[in-house]
Amino acid sequence: MRWTQRLRGAGMAVATAMLLGSSLAVPAARAAVPPSSPLTDLVNPFIGTENEGNTYPGAAVPFGMVQFSPDTGHNTGYDYSQNHIRGFSLVHLSGVGCGLGGDLPVLPTTGDVTETDYAKYEAEFSHDSERAAPGSYQVGLKTGIEAELTATARTGVQRYTFPATDKANVLLNAGQSLHRTISTKVEILDSRTVRTAITGSGFCQDTKPYTVYTITRFDRPFTTSGTWNGDTVTEGSKESASTGRGGAFVRFDTTKDRTVEATTALSYVDARGAALNLRSEGGRSFDSVRRAAHRAWEARLGTVRAQGGGDTLRRTFYSSLYRSFLAPNIGSDADGRYTGWDQRIHRAQGFTYYQNWSLWDTYRTQSQLLSLLAPREARDMAISVIKIDEDSGWLPKWGYGTVETNIMTGDPVTPFLTNAYQQGLLKGAGGYEERAYRALKRNADGVPPADSPAVGREANKEYLANGFAPYVKDRPHAKPGDSDYDHGASATLEYALSDAMLGAMARDLGHDADAARYAARSRNYRKIFDASTGFFRARDASGAFTGPADPALSEGFHEGTAWQYQWLVPQDLPGMVDLIGGTRAANDRLDSFFAYDQLVKDPAKTAREVWVNGPYDYYNADKYNPQNEPDLIAPYTYLSTGQPWKTTDVVHAALTLFTDAPIGMTGNDDLGTMSAWNVLSSIGIFPVQPGYDTWGLSTPVFERVDLALDRRYYPRGTLTVSAPGSSDRDRYIRSARVDGSPYGRTYLTTESLRHLRSLSFTVGAEPSAWGTSPDAAPPAVQPAG
């Protein structure tokens, strides 16, 4: 199957990309990388659409508000194993684990409109007639209709080619989404325009209601139209309000002109915002929008030029890079207005407001990758999170659109924002460093009030008093979402990690007393260490260890076991290693965890048959789980135990799990988290202390990677990472050089990256002594000086 369309006339035409939205253009300050064949040809948007990767193949531009994609009945939208499309809807997030989005599914049909349930009027299709590329999607339906999609930042553009008929319909289904729909309003404004308001709720559990507004403008008048409410279709009706299925149909005569084009604009503010977005970004032909979307993606992907490696490796890499730029998403309208978490309208001034925050996932990989490759957008994203606090009174945990979902646990917003601080994104006018610090301090030292939708550090009262979050099974939830009490052991580890990162920020900003206090709290991981088992273990409200003593069967860890959370102490790996008996004991445990003896004999088989159990099989395991977030940093632990070559062995084995097929994702993509892990690990630099400024080193899978960097943050403008001869056999670092000078450490800091032009490795078929000296490992974060 041909899954990508060749981009004609691709280039770095930033001016055209600017037409699609402020986030799309690559800054002019970024140095150019020599052009080659279109990189968009290497992207397969179907990767991850099967086996619960939960990605989507439809049309979007980088960080766009709209993700125009087919829904086949899966709870997150598209499942490659299905062969019926229910509609093409506007909102999708890459790799989420629960139903969310899917607003306004639109489907072209022919004949009379007799059904209003999209599970009944869905259209059959074949993958043989389906194509996708960055910024566009196309499919031939068995009804004889060809559907094509593309997008701008705030609009979805569609083109339908019908058979010759006087009953060519477009169904706009406002009442069925991937989330719970509470109410809808549909209005046919004139013979070319349909407007909707859709109020919904939910993501894993119910949330506060939120509303999305749409307006759809067709390129020619329809011959007739109507609305429906429930099962009743009324031709000629101009308006429908419903708490159930509500929608509209419009009809065209295609006996002569067989194509129909339409542009749908989206807003999270109001109907006026949707109309403004339509005026700002609409009005162009389908072909011109598609070309501009492809150019925008070519510019984004062109910030990374990889040389060497086979076709599959390059396709999986650039497909992962593509998915890393899909979220967070623009939340403000073309005039800067956005709906804040106080449900009031605000205006972003001097920045673009972003939304959709899978922070428990992205703080480990994707936020660092965006800080490196898209710092201007990453800055605005960090400011947006600060504005959430200032608008609503508390920082987010897992934010969707204009509401908090409270999905996942711990304190992920702290390393997210301290990363932005460490990368220099909060400097300059606006006082954002101190504004971020004030919000983080309130979050770290308190609990949100009862009338706030946020749960924050839910178990903070006990954590501050006793040094650990208790594990209280099945404790009643006062608010929707996950509870830190249900996962007290992992919440303790994540609170302590966040304390370390906040302490480092406090020290830098001169808040010495706070720095000392957070530094002391960062060692609270020791409070849940059970010397009798040699592993971390949950404590109950009385302080007693609880749950099975077997670490593989442990309780109180979110989506993992004590084995898998053993390594989540990036702020103090030397201390953790001492706790479990020293370097030799740590290496023995790591070898067992990664099944290292089996791994070196057959990396790919070990990854697939020993590590991977299933996309949602998180518990009852004593082995590495590369499909989920708690283990993402674990392979890099060997950098701190004197055996850095084993990091390369494990990382390269895990990379074999990424392929260029629909099943080619490791677990849920989680808004680019897994994709960013692939990108960074393939390049050979990885954020081993999330929320701090440390990048661990391993052997790149490519012989050379050129990164084009924003000169405002990286004065050199480019960074070349090279490893001539790198291959499955020659994968061990023999020596390293930075700007030509010998380099023996297994890490770099952000400050050193800012002033580098080249990082080069000499590789070979056998491990070496490189990186094994006592001072080679990343040091512990020392917040208190």
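Which element gives the largest share of the lining of the largest cavity? Read on through the views below.

**View 1. The whole chain, a predicted model.** Local features here need pLDDT of at least 70, side-chain atom pairs count only at pLDDT 80 or more, and totals for chains, interfaces and linings use all residues. Residues are numbered from 1 along each chain as its sequence is written, and side-chain values use heavy atoms, with hydrogens and water left out. You will find 21 helices and 35 strands in the chain (DSSP runs numbered from the N terminus: H or I of at least four residues for helices, E of at least two for strands). The C-alpha trace spans about 80 × 55 × 50 Å along its principal axes.

**View 2. The buried part of the chain.** Of the 785 residues, 67% are buried (under 20% relative accessible area, 1.4 Å probe, protein chains only).

**View 3. The largest cavity.** This space holds about 110 Å³, and the structure has nine cavities of 30 Å³ or more. A cavity is a set of points on a 1 Å grid over the protein atoms alone where a 1.4 Å probe fits but cannot get out, and lining residues have an atom within 4 Å of a point. A volume is the space filled by probe spheres set on the points, which are joined across faces, edges and corners.

**View 4. The lining of the largest cavity.** Among its 16 lining residues, Trp-357, Ser-367, Leu-370, Met-381 and Phe-416 are the closest to the centre. Strand 23 (357-358), helix 7 (366-373), helix 8 (375-392) and helix 9 (413-422) each give two or more residues. To settle the opening question, helix 7 gives the largest share, four residues.

Technical notes: 1 Å grid on protein atoms, 1.4 Å probe; cavity = no way out; pocket = protein on both sides within 12 Å on 5 of 7 lines; lining within 4 Å. Buried < 20%, exposed > 50% of the residue type's maximum accessible area, 1.4 Å probe, protein only.
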